[in-house]
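Hi everyone, thanks for coming.

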Amino acid sequence: RVLYVIATLDPAGAERQMAHLCRRLPRGEFEPAVCALTRGGPLEEDLRRAAIPVHVLHKRGRWDLSVLPRLVALIRRFRPDLVHTWLPTANTLGRAAALAAGTRVIIASERAADVWKGPLRRATDRALTRPTARILTNAYAVRRFLVERIGLPEKKIEVIHNGFDLVEFDDAAARPLQGPVPESADAVVIGAVARLEPQKGFPWLIEAAALLRRQKAPPFQVWIAGAGPEEDALRRLARASGVAEQVRFLGLRLDVPALMGRFDLLALPSLWEGLPNVVLEAMAARRAVAATRVNGTPEAVEDGRTGLLIPPRDAPALADALAALLRDAPRRRALGEAGRQRVATEFSMTRMVERTTEVYRRTLAEAAQ
């Protein structure tokens with residue numbers, strides 16, 4: 001029995017990877033269940049349709065520690081052989097509850113180089129790593145961060161790259177949209193899909209759009225799909241920069257494969273990352289990528305072959321990269337085709353599931369011994 005603990009079931013990158021993994025576990029060998037600490041979300045119904053039990057504990061606010069005894073009680077009822085926690089909140093509360101409930105094997109997933117963690121959070125991570133059997137991460141850059149900046153033991157950390165089902169992105173442009181998109185006419189569409197929060201660096205994308213407009217680049221639009229606390233500030237910035245007509249906000253979207261088919265290229269101006277799912281999704285959909293050279297992103301994007309890499313917090317460099325792609329449709333197509341081949345070779349869903357289940361088998365066998 002495997003219990004997955006995560007904060008929400010919103011359709012973000014790590015949450016989607018967890019849901020894919022749950023649905024593809026060998027059912028004769030593993031019995032999965034999911035606990036969302038704060039809320040369910042669009043992925044909840046997908047899991048239930050796959051006959052995977054989902055428990056939502058409705059944690060209220062950052063400091064609601066009343067969720068801990070409820071999580072301990074759930075773990076004791078389900079009696080998992082293995083608890084697998086995902087992302088910072090669940091990695092802290094989930095591991096603490098699993099220890100209190102007497103769970104034999106605990107695995108944690110660290111999905112990004114979380115530079116925001118202060119001394120207390122880092123000390124907590126180190127303390128909780130001692131009873132943790134394995135820490136899984138999605139990029140070698142994140143493993144280096146965990147060892148060098150957090151102080152975690154390298155021998156406990158294994159890298160398993162994210163996995164993607166390429167069938168989802170076949171004929172992406174022909175897939176039906178589940179929401180409206182702007183009229184683009186002859187404009188080249190620069191797409192962006194992410195949570196609207198400081199990590200993703202969208203102010204620099206808007207500044208780059210303003211630079212492109214002043215440089216009289218070919219007609220373009222920037223479509224930003226996502227929701228989050230920065231949305232109002234980003235809308236104000238687009239108006240103040242004079243690009244409100246070029247930069248359009250699509251809100252939260254659940255039709256990412258179809259949306260990728262309407263993009264001509266993808267931009268991701270993140271300040272830090274793990275291994276960004278959206279970059280690999282764009283590559284799977286045969287779209288060129290312009291992204292910042294941070295953490296695990298260069299493990300996905302080969303500069304000049306599957307996309308263009310630029311420094312973070314550098315709007316002129318981002319504008320130059322976007323301008324080069326705006327003006328050269330054959331190059332966009334060549335980068336997109338190379339990206340598709342790279343995802344097929346290095347980032348398959350089958351490979352991700354097989355490597356994760358192998359870790360489960362190995363850690364359970366070690367615990368039994």
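**Holes, pockets and rings**

A quick word on terms. On a 1 Å grid over the protein atoms alone, a cavity is a set of points where a 1.4 Å probe fits but cannot get out, while a pocket is an open set with protein on both sides within 12 Å along at least five of seven lines; lining residues have an atom within 4 Å of a point. Points are joined across faces, edges and corners, and the volume is the space filled by probe spheres set on them.

Before going on, some ground rules. This is a predicted model, where local features need pLDDT of at least 70 and side-chain atom pairs count only at pLDDT 80 or more, while totals for chains, interfaces and linings use all residues. Residues are numbered from 1 along each chain as its sequence is written, and side-chain values use heavy atoms, with hydrogens and water left out.

The largest has a volume of about 90 Å³, and among the residues lining it are Gln-17, His-84, Trp-86 and Met-352. That lining splits into 5 nonpolar, 6 polar and 1 charged. α1, β4 (82–86) and α14 each supply at least two of its residues; those labels are DSSP runs numbered from the N terminus, with helices (H or I) of at least four residues and strands (E) of at least two.

Now an open space. The second largest pocket has about 580 Å³. It is lined by 26 residues, and Arg-16, Asp-46, Glu-168, Leu-254 and Pro-257 lie nearest its centre. Which helix gives the most to this lining? That's α1, with 6 residues.

On to the rings. The whole structure has 2 aromatic pairs. Rings of Phe, Tyr and Trp (its six-membered ring) pair if their centres lie within 6.5 Å; planes under 30 degrees apart are stacked, over 60 edge-to-face, and the rest tilted. Phe-30 and Tyr-360 have ring centres 5.7 Å apart and planes at 70 degrees, so they are edge-to-face. This pair links distant parts of the chain, 330 residues apart: Phe-30 is in the loop between α1 (13–24) and β2 (32–39), and Tyr-360 is in helix α14 (residues 349–368). Are they buried or exposed? Phe-30 has 5% relative accessibility, so it counts as buried, and Tyr-360, at 0%, counts as buried too. Buried means under 20% relative accessible area, exposed over 50%, and partly exposed in between (1.4 Å probe, protein chains only).

The other pair is Trp-223 with Phe-263, also edge-to-face, at 6.4 Å centre to centre and 75 degrees between the planes. Trp-223 lies in strand β9 (residues 220–225) and Phe-263 in the loop between α9 (256–260) and β11 (265–268), so parts 40 residues apart in sequence are tied together. Both residues are buried.

Finally, the whole chain: 14 helices and 13 strands, with 57% of its 369 residues counting as buried. That's me done, thanks!

Key
Ala, Val, Leu, Ile, Met, Phe, Trp, Tyr, Cys and Pro count as nonpolar, Asp, Glu, Lys and Arg as charged, and the others, Gly among them, as polar.
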